[in-house]
Amino acid sequence: MDPVDLEIAKTQEERKKMEAALAPDSITFDTELYDGNNRFQGYNREIPANDDEENADAMNNEVARKLASFTAPKSLLNDMPRGGDDDSLGFKKSQKIIDREDDYRRRRLNQVISPERHDAFASGDKTPKPETRTYADVMREAALKREKEETLKAIARKKKEEEENKAAGKDKEAIAAPPSQKRRNRWDQSQDDAGAKKSKTGSDWDMPDSTPGIGRWDATPTPGRIGDATPSMSKKNRWDETPTPGRLADSDATPAGGGVTPGATPAGMAWDATPKLSGLATPTPKRQRSRWDETPATMGSATPGGATPAAAYTPGVTPVGGVELATPTPGAVNLRGAITPEQYNLLRWEKDIEDRNRPLTDEELDTMFPQEGYKILEPPANYVPIRTPARKLLATPTPLGTPLYAIPEENRGQQFDVPKEMPGGLPFMKPEDYQYFGALLNEEDEEELSPDEQKERKIMKLLLKVKNGTPPQRKTALRQLTDKAREFGAGPLFNRILPLLMQPTLEDQERHLLVKVIDRVLYKLDELVRPYVHKILVVIEPLLIDEDYYARVEGREIISNLSKAAGLATMIAAMRPDIDNIDEYVRNTTARAFSVVASALGIPALLPFLKAVCQSKKSWQARHTGIKIVQQIAILIGCAVLPHLRSLVEIIEHGLNDENQKVRTITALSLAALAEAAAPYGIESFDSVLKPLWKVGVPDIVARIVEDLKDESEPYRRMVMETIEKVVENLGASDIDSRLEELLIDVVMKQCQEEQLMGHLGVVLYEYLGEEYPELLEMLKAHKKGIRRATVNTFGYIAKAIGPQDVLATLLNNLKVQERQNRVCTTVAIAIVAETCSPFTVLPALMNEYRVPELNVQNGVLKSLSFLFEYIGEMGKDYIYAVTPLLEDALMDRDLVHRQTAASAVKHMALGVAGLGCEDALVHLLNYVWPNIFETSPHVINAVMEAIEGMRVALGAAVVLNYCLQGLFHPARKVREVYWKIYNSLYIGAQDALVAAYPVLEDEGDNVYSRPELTMFI
Amino acid sequence: MQASDRFNINSQLEHLQAKYVGTGHADMSRFEWAVNIQRDSYASYVGHYPMLAYFAIAENESIGRERYNFMQKMLLPCGLPPEREDD
């Protein structure tokens, strides 16, 4: 036997022994000694992080409050503690763009940054090389995609039919329901599983990394395969993949699949609520209908009320536009619905780790180990390799599931917690940046790199500085990027910048900076940008539907500059394939982008193209998008459409008679947008559209729309009703026949019943308003400022409606709760009630509450008083004497927070009644405030100083100076310091006023201190 | 002062105040304060025209002269500074 073999045998023997010794059942605990009880029970496990926990209330006064309006103080509205954020940022809202996006907007991440395209201008008459993507290639791909979609849809329909037939056959056996299929995009679902299922349902051919389980479509020699082979597809990450309806098709085919109703999707799904929603949504029988061509009316009914998707997606941009456009592409619904940002990160992370931990190949191992002294052994029979080590790393180890301790493999590429020192003064990299800038960490000698690599490195460095650097770094980097843009070349630049913009964890500020880079670079690159137009559009177009106004403006600016740089022909060539894209998201953003192009290059230039698109025979999507472009143009450029109004109307008018209802609807909306933009001029341009309406009679119109009165959507019903009313008003009701009348009345009766119900509901609600109040309080913590403002208003309305008594009782009770946030909100609410219902309705009860010997309650009362006096301003003069005794008491209280809050109440009071003759009370209060000047707690001293400042305003600087004089030359330095501080703020606030009040100083030797001028008189 | 207090608004306040001419501090002498008072007073007289007019009538001088005098007095309003005791 080989000595190596012997040694191996020995080692294996030893190993077995060790394993036996370590086996879990060989370790037993002495249960008497370590009985189940935890001996640390009852101990405090945590040490409070800071000592001024009990000062928590004091925190609230930190920010200066200014009275901006008669609502809640701004600072408070901003400062209101809010829940929900679990990251270390505390109450700071997440800055990431993705966190505020809805599902629809998040679909931007599905888009692929397409490869460069052929620039026909640059190459002149030369035939493009076969590997360059020309316009024709792109168009072909788009057509294939569409065809694939159609085919899959047909297949799905057929399968469903088959299934139904089958189901009808074995109805009885169906009781044992088949196990529902798990959702496809679960990252923790093992690949094999998914593969097996996929091969069963057979639509994996749209997956770039598809497993050997070949579905039958694969055998079909569809030209779609070519599309798959293009680099654009292979670039996709598996989890990130564009959800093509193929996926839907197979979930459709499974009996209890995905379970998301098509209509119930994007609008309703807040990102934080999604996983549950989509998981629980019950599959309705309806969902099996082919839905991508579903009519908007049904869509509307699926999302009743104001929840129509479009309204939620594009607030402010197009309030009317594109209601029907929000039809989600089915595939996207199923896939994207449930993914939260956390999952995105997790997935990203997992992929990253998997990359680094991919199994070593035999060749790699061969090169790593010496050739001699080693022998390659057969793996044990029971050995199953873990193909995705990340899964192993991420999975929580179960106590019994992992019998042995596995020595973790050394992993050289691993980034540990300590961030690497950045070479060459580069700014700090966030973990997610490693993916893009990791190469900068390799400390290679730059000299050895090829010029291209050096260039790339330089670009990366500059970009990192722009993204993460300090403002000066950023500025220089930006300038360098701009100056050297042509030297770097469009390709390397955009290949670096654009992926950064697709980063899922991008923050607003970062995006802003990167977009700025693109903007600057565009100017320099000019026509060199042509091959990259589509790439840029993919990342910039989402900005056009961003909820942030400035993002939208930025997006428009970039696209407008881009179109000026690249020229109309290139823009059209780049965007034409997207016009009839199967994904509605793409069409929507493309339409918007086109409108920007139109405004940049002039409408006349675009008119022929628009005309062609709007009359496309090939697909309704193209017509739809074309007409939507017109709508967007109208919205974007407003009255500037006037010169082209007639041609625009003529281009789209035939859409009113389109066979597709969506096209008809968008045409109507576009016409409305045009009319709105042109108003009050240009009615004659609409003649061709409006004429047919003057011919028709009342019955015709009413008969057509009367059925719509039964529509589920309330706003729609109202609209229909108004229309009928107007029609009847204008043209008279005589033409309506009895059948129609009956129908109309029937509908109206039904509506009226509902109205009655609503009225009843109103009464009930009114009665419960008092009880609604505390719940409403929670809303003061809302993230959105608008909500908080609305809540404040609502408090006012409710209190006004039902009177302050009941409300106040609830609120005062609320002061006793332990939760601080709640108490703060309550105090605001009390002050609001006081403001709306006059202070005298609230003050007695409030002051009475101060008698409750409870810290929280008393502080709450004081805080309410503080807010109250802030709100009511000079109205306070009538109440100042009433509350003075209470404040006296509070300013003498042992509790610091009492004195602090009382001091801030005094401040607001003083500022409110300045010049209204309440000096006596104020001097009295100042006497109580003054001893607190030696406090050291920052919040308290701040409040006291502000109270004194308030007194300066109300009583005059001279009075406060007199308080000051006693301590300016006090023997104790500590005292002097405080007094000088007060003196200084007095001096800065009212220097001139002090001149008359300075004390008379005795002259000293040669020094004359007296001011004889002041004694002069005539 | 605690480390945490060093950067809060209250500690900055003194620094902020010190930027203004005429503010004081705990180590200020009677003379320094008096100089500030005098200068403030003269500045105030010069700044309020009715005051200047009043003084001009009382002293039987022109308003311009009064203004000039006050400005001159601002230079060393209290005479030379006294010898510091600790020097």
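Q: What makes chain A and chain B count as touching, and how many residues are in contact?
A: This is a predicted model, and in it 26 residues of chain A are in contact with 28 residues of chain B. The test is that C-beta atoms, placed from the backbone, lie within 7 Å.

Q: Which elements of chain A give two or more residues to the side that touches chain B?
A: Those are α45 (938–955), α47 (973–989) and α48 (991–994) of chain A. α47(A) gives the most, with 10 residues.

Q: How do the residues of that side of chain A divide into nonpolar, polar and charged?
A: There are 13 nonpolar, five polar and eight charged residues on the side of chain A that touches chain B.

Q: How do you know which parts of chain A to read with care?
A: Look at pLDDT, which runs from 0 to 100. The mean for chain A is 71, and 63% of its residues reach 70 or more. Among the elements, helix α13 (residues 296–302) of chain A has the lowest mean pLDDT, 36, while helix α44 (residues 919–929) of chain A has the highest, 96. Over residues 24–71 of chain A the pLDDT is below 50, though this stretch has 41 contacts in the model beyond near neighbours in sequence. Residues 172–338 of chain A are below 50 too, with 255 such contacts. Where pLDDT is low, the predicted coordinates should not be read in detail.

Q: What is the secondary structure of chain A?
A: It comes to 48 helices and zero strands.

Q: Why is a set of residues here called a nonpolar core?
A: The largest core has 83 residues, and V529(A) and L674(A) touch the most other members. Helix α32 (residues 661–678) of chain A gives the largest share of this core, nine residues. Leaving out residues up to four places away in sequence, L674(A) touches A634(A), V641(A), L645(A), L648(A) and V649(A). A second, separate core of 82 residues includes L812(A), A903(A), Y963(A) and C964(A).

Q: Where does the "repeat: HEAT" label come from?
A: From UniProt, whose unreviewed entry lists residues 648–686 and 701–739 of chain A. In the model, residues 648–686 of chain A are 62% helix and 0% strand, with end C-alpha atoms 10 Å apart.

Note on methods: Residues numbered from 1 in each chain as written. Chains lettered and ligands numbered in written order. Predicted model: local features only at pLDDT ≥ 70, side-chain atom pairs only at ≥ 80, totals over all residues. pLDDT = per-residue confidence, 0-100. Helix = DSSP H or I, 4+ residues; strand = E, 2+ residues; numbered from the N terminus. Contact = placed C-beta atoms within 7 Å. Nonpolar A, V, L, I, M, F, W, Y, C, P; charged D, E, K, R; others polar. UniProt positions renumbered as here; feature names shortened; annotations may be inferred. Core = buried A, V, L, I, M, F, W, Y, C linked by C-beta atoms within 7 Å. Buried ≥ 20, exposed ≤ 12 C-beta atoms within 10 Å, placed from the backbone.
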